[in-house]
Amino acid sequence: MAVSNPIALLLTVCFLGSHVPAMSLASSSDKFLLCLSIHLPSQVVLTPTSPSFKPLLVSSIRNAKFVAPATARPPLCILTPTKASHVQAAVRCGRYHGVRLRVRSGGHDNEGLSYRSQRPEVFAVVDLAKLDAVRVDPRGATAWVDSGATIGELYYAVAKAAPGLGFPAGVCPTIGVGGHFSGGGVGLMMRKYGLSADNILDATIVDADGKLLQGKEAIGDDLFWAIRGGGGGSFGIVLSWKVRLVPVPPKVTYFSVTKTMNQGAVDAVTKWQKVAPALPDDLSVRVVVQKRQANFQSLYLGNCSAVVRTLHRRFPELGVTRADCREMSWLQYVAYLYFGDAINSAPLEVLLLNRTMPLGPFVKNKSDYVRKSLTKKTWQKIFTWPSGAAEGELILEPHGGRMSTIADADTPYPHRSGVLYNIQYVQLWNGNGAGGNNSTPNWINGLYDFMAPFVTKNPRAAYANYKDLDLGVNKVVGGVTTYESGKVWGESYFGANFRRLAMIKRKVDGRDYFRNEQSVPPLLLIRK
């Protein structure tokens, strides 16, 4: 790094030290911004006085519930790095001057913690959207993808550069790769190929000291394990990931079958619980339960005739016929699952490469895992659960297949053998009425409480990428998050792996620089 004046020299020397002095908030904020002005191009740093600041802040907010809180107590600045050295400088300036960084790749964080803080603290946002390259190696069946890329951009780049290859990840194309991979990455190919995190081969990360660690050897086994499903915002800023691409056939099959309660929806979902996790691993059937209906959606890595034969034999209650099926390329499939018939009127690149999406209603999410099938009587109560003015839905994602063969401790994601499916609860409502941002309708909380006897226990498991602050938030004592406060929510996400994550946190960020309401705390040594 070139040093052109005495102040820059002093700051550069300070970067090399490990002592972080205590400063007043006003002083630390001013000095942090001065530090950034010395070490970063001016166009990379946006402060609230910039006309581009608010549009950028809200551009990736996916939950209308958080627009008002995020803009009422905005970050000190937003950084838009275009290369690794920009991120290194941001971490070093922040670490030295006591300003923490929150990192946003796509903005789909369910609780908005990548761009807002619930606490009255000074923080800055590192927006990785300009670090969005995807470099595909068709011969090696691998790709390097930057954390700021979306999974739509990843899907498109892979399919165009390497026909016959794909990648297992989620449904919404505007999800950022960085957050998705960091929490595990469930999707409809996980029964065949595992999670996104199970297919990560290498990475590049900026650690809590601002050092650039390129490759597994530099990162170390523990940290490399932690970033593949241990949640974002805890261990450093991952800039890019090397992923294993997986074979996909020329044509895959999608079907969608909807059943009302009068058409046997309750019986079908009751049967689905045992059938779906035991189907051939190249077939995944998920269910969306909404408005007293069940919509069964599939991905089959093969043709329509084969999937119809399989389901007639294994799941006749569903009544799938050839008329319910659509054969298409894998790339068409990932677009169709989200955009539907829009793929017939717009080019795939227009749909999948578009990072913007309209700001919808207020949203609240929760999650569960199921190891024992629910009874028909229980499902009848779920289907008829009153939703009031809000709109609620359950998304049931089957496990089994490859997911059952990976050990719970292979990555931080522990929900493996014995899991039948996971549940995502989604509540949508108009937040402009009485109660505003803080008023969540009763449907989701009431149903979640009702489900307690029927889902995993001790702890009640949850998926890290369906973040839920109702599970608990960190407490900070003496400038460091306490392990006991983190354990309350951490064991729900990570089970027995949470302790190892906390031990790694102590090793790589013992002073807890990367910290938020649900970041992994350092498990501090207790000397007797």
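In strand β4 (residues 123–127), A124 is the bridge partner of L101. Strands β3 and β4 pair in the parallel sense over 5 bridges; two strands count as paired if DSSP finds at least two bridges between them. Strands (E, at least two residues) and helices (H or I, at least four) are DSSP runs, numbered from the N terminus. The model is predicted: local features need pLDDT of at least 70, side-chain atom pairs count only at pLDDT 80 or more, and totals for chains, interfaces and linings use all residues. Residues are numbered from 1 along each chain as its sequence is written, and side-chain values use heavy atoms, with hydrogens and water left out.

**The open sheet**

β3 and β4 belong to an open sheet of 4 strands with mixed pairing, in the order β1-β2-β4-β3. β1 (45–46) and β3 (100–104) each have a single partner strand and stand at the edges, so one side of each has no neighbour in the sheet.

Strand β14 (residues 293–300) pairs with two strands described here. With β12 (residues 252–260) the pairing is antiparallel over 6 bridges, and V257 stands opposite F296 in β14. With β13 (residues 283–290) the pairing is antiparallel over 8 bridges; Q290 has Q293 of β14 as its bridge partner. β13 and β14 form a hairpin with 2 residues between them, and K291 in the turn has a positive phi of about 55°.

In β14, 7 of the 8 residues are buried, where buried means under 20% relative accessible area, exposed over 50%, and partly exposed in between (1.4 Å probe, protein chains only). Helix α12 (residues 304–314) has C304, A306, V307, V308, T310 and L311 buried. Their cover includes β12, β13, β14 and β15 (325–328).

**Nonpolar cores**

A nonpolar core is a set of buried Ala, Val, Leu, Ile, Met, Phe, Trp, Tyr and Cys residues joined through side-chain atoms within 4.5 Å. The largest one has 112 residues, and F255, F296, W379, L394 and L396 touch the most other members. Helix α13 (residues 330–339) supplies the largest share of this core, 7 residues. A second, separate core has 26 residues, including L76, A89, A90 and V91. Leaving aside neighbours within four places in sequence, L396 is in contact (heavy atoms within 4.5 Å) with residues including V269, W272, W379 and Y421.

**Aromatic rings**

The whole structure holds 21 aromatic pairs. Rings of Phe, Tyr and Trp (its six-membered ring) pair if their centres lie within 6.5 Å; planes under 30 degrees apart count as stacked, over 60 as edge-to-face and the rest as tilted. Two pairs are listed below.

| Pair | Centre to centre | Angle between planes | Class |
|---|---|---|---|
| Y254 and Y333 | 6.0 Å | 55° | tilted |
| W489 and F498 | 5.7 Å | 70° | edge-to-face |

Y254 in strand β12 and Y333 in helix α13 are 79 residues apart, and both are buried.

R102 lies over the face of F123, at 5.6 Å from the ring centre. For R500 over W225, the distance is 4.0 Å.

Notes
A charge sits over a ring if NZ of Lys or CZ of Arg is within 6 Å of the ring centre and within 35 degrees of the ring normal.
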